[in-house]
Amino acid sequence: MLTALIRRAIQAIFVILAMTVIVFIGINVIGNPVDILINPDLNQAERARVVEHLGLDLPLWQQYLHFLQGLLHGDFGDSFVYNRPALGVIMERFPATLELALSAMFIAIVVGLPLGLYAGLYPERLSSRLIMSGSILGFSLPTFWVGLMFILLFAVQLGWLPSNGRGETVGFLGAGWSFLTRDGLAHLFLPALNLALFKTSLVLRLTRAGVQEVLPQDFIKFARAKGLQEHRVVLVHLMKNLMIPVVTILGLEFGSLIAFSVVTESIFGWPGMGKLIIDSINLLDRPVIVAYLMMMVVLFVMLNFIIDIAYTLLDPRVRLDGGN
Amino acid sequence: MKPLLDVRGLVTEFPGPSGKGLRAVDDISFQLSRGEVLGLVGESGSGKSVTGFSLMGLIDKPGKVTAGQILFDGEDLVAASPERRRGLRGRRIAMVFQDPMMTLNPVLRIGTQITESLHAHERISRRAARARAREALAMVGIPSPDERLDAYPHEFSGGMRQRVAIAIAMLHQPDLIIADEPTTALDVTIQAQIISEFQKLTEEQGTAVIWITHDLAIVSSLADRIAVMYGGRIIETGGIASVLETPRHPYTHGLIRSVPSENSRGSRLAQIPGVTPSLARMPDGCAFRTRCKRATEECHARPEQFGTELSYHRCFHPYEEVYA
């Protein structure tokens with residue numbers, strides 16, 4: 001277990017390093033932040049001073065080495081725009097995105113799992129067919145379009161729910177959370193639903209496929225031959241096998257929920273990391289972009305590891321270090 | 001004395017491609033007394049496993065029993081409620097499956113899989129259930145049963161798993177066990193062990209057994225009576241000695257002749273010409289007539305059961321002579 005952990009950590013470091021190199025080169029190609037950030041009215045001397053201050057006068061490889069040096073001291077550099085540490089700027093926005101992603105995940109599981117189970121157990125029913133057709137919509141309608149439709153319907157036409165911002169937040173664990181207040185919850189609902197739509201369809205179809213794969217197996221028949229009640233056959237014998245692929249995919253998808261909440265956050269004006277990164281790319285705020293992408297890599301690596309651990313808990317046949 | 005099991009004109013159908021039902025089990029009748037062992041013999045697709053699952057009430061949808069009665073201890077199981085049937089399954093009628101690698105749930109501990117079967121049928125404390133499970137494992141010859149209760153199926157060999165399955169089947173001292181080729185998936189030395197173990201236990205407890213197999217050698221060593229199935233029908237049944245020594249039906253005759261023996265060494269092995277027709281293109285009248293050299297015009301009609309309830313054949317032109 002411990003060796004597996006250490007091996008993962010080392011792998012993660014290499015992945016992160018490779019990632020920073022790619023990002024550094026990539027960002028340099030996109031454009032020069034000097035053109036955007038610096039007031040065109042400044043004279044040449046002032047201009048040179050700012051460029052030097054930002055460290056942009058050095059060749060790329062030296063900039064990169066500087067960056068690595070800072071990294072060793074836990075310093076991701078200062079944001080060009082906010083003039084504060086980039087990591088701090090991101091972390092301020094992190095709770096909002098986390099809240100949105102967790103809410104979306106919650107909806108996906110609470111809606112997708114039971115519906116998928118139902119559609120898998122009674123595939124011939126009309127209601128099951130409707131559920132499956134619905135999931136195709138959830139899969140194929142573009143998020144931004146659905147988001148706009150939600151706003152049009154619930155915010156503009158019906159006026160039931162707000163369409164912008166986080167609403168009232170309550171401080172808890174050193175961050176503001178929307179879901180603790182009525183107003184915040186109302187603000188959270190539409191973007192979370194929008195973000196959850198695709199994942200719900202995914203969970204639903206995954207669950208249904210799992211049911212159809214596990215149900216014909218002999219051990220299900222044997223469980224019935226033992227005279228077990230149907231709820232035990234379904235909730236224990238079926239579900240425990242079913243959860244293995246579902247948990248794996250959900251774990252990976254959670255990372256993508258956080259990383260790709262960009263669209264939803266932009267549409268609903270949700271002040272999370274997704275919106276920040278879009279703004280930063282527009283302004284070529286390199287330190288923020290780099291720090292954000294690194295954070296995403298760390299997040300994915302960590303999620304993968306957590307999934308592996310969950311996997312061993314769910315499936316006794318799997319061991320992390322290959323046997324006892 | 002009333003037989004334990006009296007099957008009368010049982011028909012199990014699966015919907016065919018053209019909408020008309022395919023009869024996997026076609027009008028079969030047989031009886032079984034307490035403590036008796038019946039060998040149900042036939043090739044793959046002859047309907048012997050479907051017969052077993054029909055008795056258990058575990059026919060895969062959309063197949064179902066469409067006619068006939070299954071009188072178990074005087075009660076018609078075909079007419080019984082699903083909950084009543086569940087209550088009998090595992091408690092009074094148990095089943096052992098063909099492939100032990102597939103019958104135990106891979107993600108549940110052995111102990112759980114045994115005790116849940118106890119909890120399904122009686123009010124019993126966890127502690128008492130565990131003690132019973134331990135006894136059950138010891139009974140089928142599993143060493144250090146206490147530790148093995150916490151093991152998972154993948155930590156057991158195939159033979160050991162089949163012992164566990166047998167232990168589960170014997171748990172409630174059932175009146176009837178349906179053994180669906182329980183040794184086919186095991187290697188020969190383990191086969192012999194399992195058969196003798198099984199025989200010992202069922203004899204001790206006076207359990208009636210339906211042993212489903214395609215292996216005549218196994219049947220001849222452990223069954224009291226035999227029923228030979230072909231095309232979903234029992235084409236011949238009777239005492240083990242009389243059927244094996246003087247088979248009346250040409251199919252039984254061919255089946256016995258095709259078993260390799262000491263006497264036939266060096267000579268060409270006898271075989272039944274042709275292949276088993278699929279359910280959809282089963283010939284009318286006698287199902288075997290297309291492969292039978294004794295067939296005549298008369299065989300286009302469906303042969304009745306000639307003989308008594310316990311010993312009959314379905315052939316217009318049976319062998320009369322003692323088999324030599």
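Predicted model: local features only at pLDDT ≥ 70, side-chain atom pairs only at ≥ 80, totals over all residues.
This report looks at a helix pair in chain A and a few individual residues in chain B.

## Ground rules

Residues are numbered from 1 along each chain as its sequence is written, chains are lettered from A and ligands numbered from 1 in the order in which they are written, and side-chain values use heavy atoms, with hydrogens and water left out.

## Two helices in chain A

Two packed helices are described by the angle between their axes and the distance between the axes. Here, H8 (residues 182-214) and H10 (residues 230-259) of chain A pack at about 155°, with axes 9 Å apart. That angle makes H8(A) roughly antiparallel to H10(A) (the label is for angles over 145 degrees, on a scale from 0 to 180 degrees between N-to-C directions). Helices here are DSSP runs of H or I with at least four residues, while strands are E runs of at least two, both numbered from the N terminus.

Which residues of H8(A) and H10(A) meet? From H8(A), they include A:Leu195, A:Leu202 and A:Val214, and from H10(A), A:Leu238, A:Ile249 and A:Leu257 are among them. Contact means heavy atoms within 4.5 Å. The residues of this contact of H8(A) with H10(A) divide into 13 nonpolar, four polar and two charged. In this scheme, Ala, Val, Leu, Ile, Met, Phe, Trp, Tyr, Cys and Pro count as nonpolar, Asp, Glu, Lys and Arg as charged, and the others, Gly among them, as polar.

Now for chain B. The peptide bond from B:Lys61 to B:Pro62 is cis, with omega near 5°. You'll find B:Pro62 in the loop between helix H1 (48-56) and strand E4 (64-72) of chain B.

B:Asp27, in strand E2 (residues 21-32) of chain B, has a positive phi near 60° without being a glycine. B:Ser144 isn't a glycine either, and its phi is positive too, near 40°; this residue sits in the loop between helix H5 (126-139) and helix H6 (145-148) of chain B.

## Buried or exposed?

B:Asp27 is partly exposed at 27% relative accessible area, and B:Ser144 is also partly exposed, at 37%. Buried means under 20%, exposed over 50%, and partly exposed in between (1.4 Å probe, protein chains only).

B:Arg85, in helix H2 (residues 82-88) of chain B, counts as buried at 13%. Leaving aside neighbours within four places in sequence, B:Arg85 is in contact with B:Ser54, B:Leu55, B:Met56, B:Gly57, B:Leu77 and B:Ala80.

Terms used:
Parallel < 35°, antiparallel > 145°, perpendicular 65-115°, else oblique.
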